[in-house]
Structures are given as C-alpha cells and as structure tokens.
Amino acid sequence: MFSSLRVRILMAALVAVILALITRSQWLTGGWTELILAWAGLALVTAGAFGRLLATLFIGGRKTHELITDGPYGITRNPLYFFSFLAVLGLGLASANPAVLLLLLFTFALYYPGVLALEEDKLARRHETAFAAYRERVPRFWPRLRGWQEPEWLEASPKKFRQAVADVTWFVVAYIILRAIAEAHATGLLPAYPLPFG
C-alpha cells in the first residue's frame, strides 16, 4: 500500500515539475508577489521538514507498537502528514504557478485521507480503549497547540531519524528545482505557455 502510494506521489511530483517547466504564471512578475510566494514557500517547506523530523524523534519506529500521545502527537494525531501538508503547500507557493499549487494540493487531498484512515484503524484495533480516549482528546489533522506535553527524556531510533532526514531532503531538493524553474521563466531563459488563469 505505502510503496504504491510513494510511487503515486513521485509521479505527481514529476507531473508538477513538467507542468512548472511548460507553463508560466502571471505571478512571475519579478515583483513583490513573487518574492512573497518564494519566502512563504521556503518558510512552509522548512516548517514541514523540521516538523517531520521532530515527529520522527517522538515516534522513532514505535508507530504501531505503542500509542504515542506526547510532543507533536499531543497536538495532532497525524503530525507527519500535517507537516507534509505544510511542505507540499510551500512547494506549490514557491513554484509561483497556480497550476502546480493546485496539482500538489489535489494530489495530497486525494491520497492522504485514505492513508490516515487506514493507519487510525490499525491503531484503534491494537490499542482499543486508549486510542478511543486519544481520539476524543486530540484532533485528527489540524493541530491544537494546548495539547503539547513532552517527557524529560526521549529514546529515538537513529536509523528511523536518518530515514526521516533523507525523506525531508526531497522537500528541499524540490524547492530548489521549482524556484530554479520559476526564475528561469521570470528571466526569459525558459519559454513557456502562459496559463489562462493566475
């Protein structure tokens, strides 16, 4: 399931890059709008990447064996996916191309709700009463900050953290690629079809 999901996400990313290469938005003015989109995108990609790393420190290979309810798991039941959403939104904004932004958000909305449901069903079967109480207390996706609690010490898996660093590196690489394409369009180095909207 998850390997096919990753393939679909990579395919959507490839389509987004191709779309960015062949289309040009009016958002690419070289003015304040483009600058704000680039910086907002960078801020969201950074928050998404660091948030995923923080969530990985707390979960560290214990994803289904234990019910983790502190740290980022105390403010949302699915912090890894919430922070992925922030990074995806950031990539869409950084592209300065509404078609790319819509494609990325559509792809996220298409695949992740099903993944969330499957993972929560697995946790509900494994942890029954504890998960029911956790579900009542902590929102599924959008964080509620007042739920943050953290232990004094945390045991983490170096292997899982290393994998998480590799995963978030792709967000950084994608940001660089999308910004390079946007700049190439803005300077005229890369010709493209103008979008009928945006």
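**Note on the predicted model: helix packing and the nonpolar core**

1. Within the chain, 82% of the contacts with a separation of 6 or more are between residues 24 or more positions apart. The model is a predicted one, and its secondary structure comes to five helices and two strands. Along the sequence these elements follow the pattern α-β-α-α-α-α-β. Taken along the principal axes, the C-alpha atoms fill a box of roughly 60 × 30 × 30 Å. Of the 198 residues in the chain, 40% are buried.

2. The largest nonpolar core holds 28 residues. Those that touch the most other members are Tyr81, Leu91, Leu104, Phe108, Phe141, Phe171 and Tyr175. Two or more residues of this core come from each of helix H1 (2-22), helix H2 (32-59), helix H3 (79-94), helix H4 (98-137) and helix H5 (158-186). H3 provides the largest share, nine residues. Another core lies apart from this one and has ten residues, including Ile68, Tyr73, Leu123 and Val138. As a general background, nonpolar side chains in soluble globular proteins tend to be buried together.

3. H3 deserves a separate comment. Of the 16 residues in H3, 15 are buried, and the helix is thus mostly covered. From its first C-alpha to its last, H3 reaches 22 Å, close to the 22 Å expected at 1.5 Å a residue. H2 may be read in the same manner: its 28 residues should span 40 Å at 1.5 Å a residue, and the end C-alpha atoms of H2 are 40 Å apart, which agrees.

4. How do H3 and H4 pack, and at what angle do their axes cross? The two axes come within 9 Å and cross at roughly 170°. Because an angle over 145 degrees counts as roughly antiparallel, H3 is roughly antiparallel to H4. On the H3 side the contact is made by Tyr81, Ser84, Phe85, Val88, Leu89, Leu91, Gly92 and Leu93.

5. Is Glu119 buried or exposed? Its relative accessible area is 14%, and Glu119 is therefore buried, the cut-off being under 20%. The C-alpha atoms of Glu119 and Asn78 are separated by 9.4 Å, although the two residues are 41 residues apart along the chain.

6. Thr107 is also found in helix H4. With a relative accessible area of 10%, Thr107 is buried. Its C-alpha atom is separated by 9.2 Å from that of Ala13, a residue 94 residues away along the chain.

7. At 14% relative accessibility, Tyr175 counts as buried. Leaving aside residues up to four places away in sequence, Tyr175 touches Ala38, Gly41, Leu42, Val45, Leu91 and Ala94. The C-alpha atoms of Tyr175 and Tyr112, 63 residues apart along the chain, are separated by 21 Å.

8. Most residues other than glycine have a negative phi. Ala96, which is not a glycine, has a positive phi of about 55°. Ala96 follows H3 and is found in the loop between H3 and H4. Its relative accessible area is 0%, and Ala96 is buried. Glu128 likewise has a positive phi, near 20°, and is a residue other than glycine. Glu128 lies in helix H4 and is exposed, with a relative accessible area of 57%. After H2 comes Gly60, whose phi is positive, near 30°.

Methods: Residues numbered from 1 in each chain as written. Predicted model: local features only at pLDDT ≥ 70, side-chain atom pairs only at ≥ 80, totals over all residues. Heavy atoms only, no water. Core = buried A, V, L, I, M, F, W, Y, C linked by side-chain atoms within 4.5 Å. Buried < 20%, exposed > 50% of the residue type's maximum accessible area, 1.4 Å probe, protein only. Helix = DSSP H or I, 4+ residues; strand = E, 2+ residues; numbered from the N terminus. Expected span 1.5 Å × (residues − 1). Axes fitted to C-alpha atoms, helices over the stretch in contact; angles between N-to-C directions. Parallel < 35°, antiparallel > 145°, perpendicular 65-115°, else oblique. Contact = heavy atoms within 4.5 Å.
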